[in-house]
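Below is a short briefing on one protein chain. Please look over the sequence and the model before reading the points that follow.

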Amino acid sequence: MDDDLALFRPEAWFRAGRGPRYEQLYRHLSAAIAAGELAPETQLPPERDLALIADVSRVTVRKAVSQLVAEGLLEQRRGAGSFVRAPQPKLEHSLSALLSFTEYMRQRGKTSSSRILRRGIFLPTPDEMMALGLSPGDRVARVERLRFADDTPLALEWSSLPTDILPEPEAVETSLYDVLRGMGRAPTRAVQRITAVNLTAADAKLLQLPEGAAVLRIDRTAYLPTGRPIEFTRGLYRSDIYDFIAELRLDAP
Ligand code: 16G
């Protein structure tokens, strides 16, 4: 037991001039959990005891612990204390949480289809080079689509991918992710940025909305498990689709 406590004593984690105590304690415990020194299901001493052992205030302990709880490394069980959590299967790494348009629609009992506006291999724009980590000599595969749910146009999507990931943009008929999955190259993580914009006349016509209508613009950068960015899609979505996206984003933190 004494050995276990050594981990919390100030000499184990505190160095003057290395930042606030709660942060140092947090970093130390986080590393101890990662290294397995604090194994899953280990119970931390109660806050009051921990403060005495670590020679800090209870507020400091609370801040460090709540940070670990927020990151999912510790779990607080009511009336029982704080426990080291077993590593969780990461939801954001599961394919099911990173849905494609086709899958969103299928979940809603709708049939999706696409009208291809343009497909091919092009010289990348600076934005594409940046998002996909391309070099000046590289080319980019682009697929531009008007996407329907049943017979309603819901979205316009401009997708860009490195050519080694999508060498034949012509292969994309309805679902881009189906094509990528078929080649074992589907993304497993994505970062999205959402903004509201007003439709240009040309885009409004395609989406069958009045010019200037407000829609959501969502930029998604999607990554392989290695961390390589392989998709940059800018989409304009009719705002009636928003509830799908908002709801599903809760599944994919
Ligand atoms: C979603 C994605 C888009 C992706 C597409 C693939 C958002 C905001 N965007 O629309 O980035 O390219 O799905 O769908 O969710 P698909 O496999 O049906 O072509």
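How many helices and strands does the chain have? There are ten helices and eight strands, where helices (H or I, at least four residues) and strands (E, at least two) are DSSP runs numbered from the N terminus. This is a predicted model, in which local features need pLDDT of at least 70, side-chain atom pairs count only at pLDDT 80 or more, and totals for chains, interfaces and linings use all residues. Residues are numbered from 1 along each chain as its sequence is written, and side-chain values use heavy atoms, with hydrogens and water left out.

**Whole chain**

- Of the 253 residues in the chain, 41% are buried; buried means under 20% relative accessible area, exposed over 50%, and partly exposed in between (1.4 Å probe, protein chains only).
- The accessible surface of the chain is about 13900 Å², and carbon and sulfur atoms account for 51% of it. Accessible areas come from the Shrake-Rupley method with a 1.4 Å probe, and for residues only the protein chains shown count as cover.
- Taking contacts between residues at least 6 apart in sequence, 59% join residues at least 24 apart; contact means heavy atoms within 4.5 Å.

**The cavity**

- The count is one cavity of 30 Å³ or more. A cavity is a set of points, on a 1 Å grid over the protein atoms alone, where a 1.4 Å probe fits but cannot get out, and lining residues have an atom within 4 Å of a point.
- The largest cavity holds about 250 Å³ of space. Its lining has 20 residues, of which S100, F101, E157, R220 and Y237 are the closest to the centre.
- A volume is the space filled by probe spheres set on the grid points, which are joined across faces, edges and corners.
- At least two lining residues come from each of α6 (101–107), β4 (140–149), β5 (152–162), α8 (176–182), β7 (214–223) and β8 (229–237).
- By type, the lining of the largest cavity has nine nonpolar, six polar and five charged residues. Ala, Val, Leu, Ile, Met, Phe, Trp, Tyr, Cys and Pro count as nonpolar, Asp, Glu, Lys and Arg as charged, and the others, Gly among them, as polar.

**S112**

- S112 belongs to strand β3 (residues 112–122), and with 14% relative accessibility it counts as buried.
- Beyond its neighbours within four places in sequence, S112 contacts F101, T102, M105, F148 and T174.

**The aromatic pair**

- The structure has one aromatic pair. Its members are W13 and F14, with ring centres 5.8 Å apart and planes at 75°, so the pair is edge-to-face.
- Rings of Phe, Tyr and Trp (its six-membered ring) pair if their centres lie within 6.5 Å; planes under 30 degrees apart count as stacked, over 60 as edge-to-face and the rest as tilted.
- W13 is buried at 5% relative accessibility, whereas F14 is partly exposed at 24%.

**Loop residues with positive phi**

- Most residues other than glycine have a negative phi.
- D150, in the loop between β4 and β5, is not a glycine but has a positive phi of about 50°. At 38% relative accessibility, D150 is partly exposed.
- Not counting residues up to four places away in sequence, D150 touches K110, T111 and S113. G109 is 41 residues from D150 in sequence and 9.4 Å away in space, C-alpha to C-alpha.
- Q208 sits in the loop between α9 (201–207) and β7 and has a positive phi of about 55°, although it is not a glycine. Q208 is exposed, with a relative accessible area of 59%.

Key: 1 Å grid on protein atoms, 1.4 Å probe; cavity = no way out; pocket = protein on both sides within 12 Å on 5 of 7 lines; lining within 4 Å.
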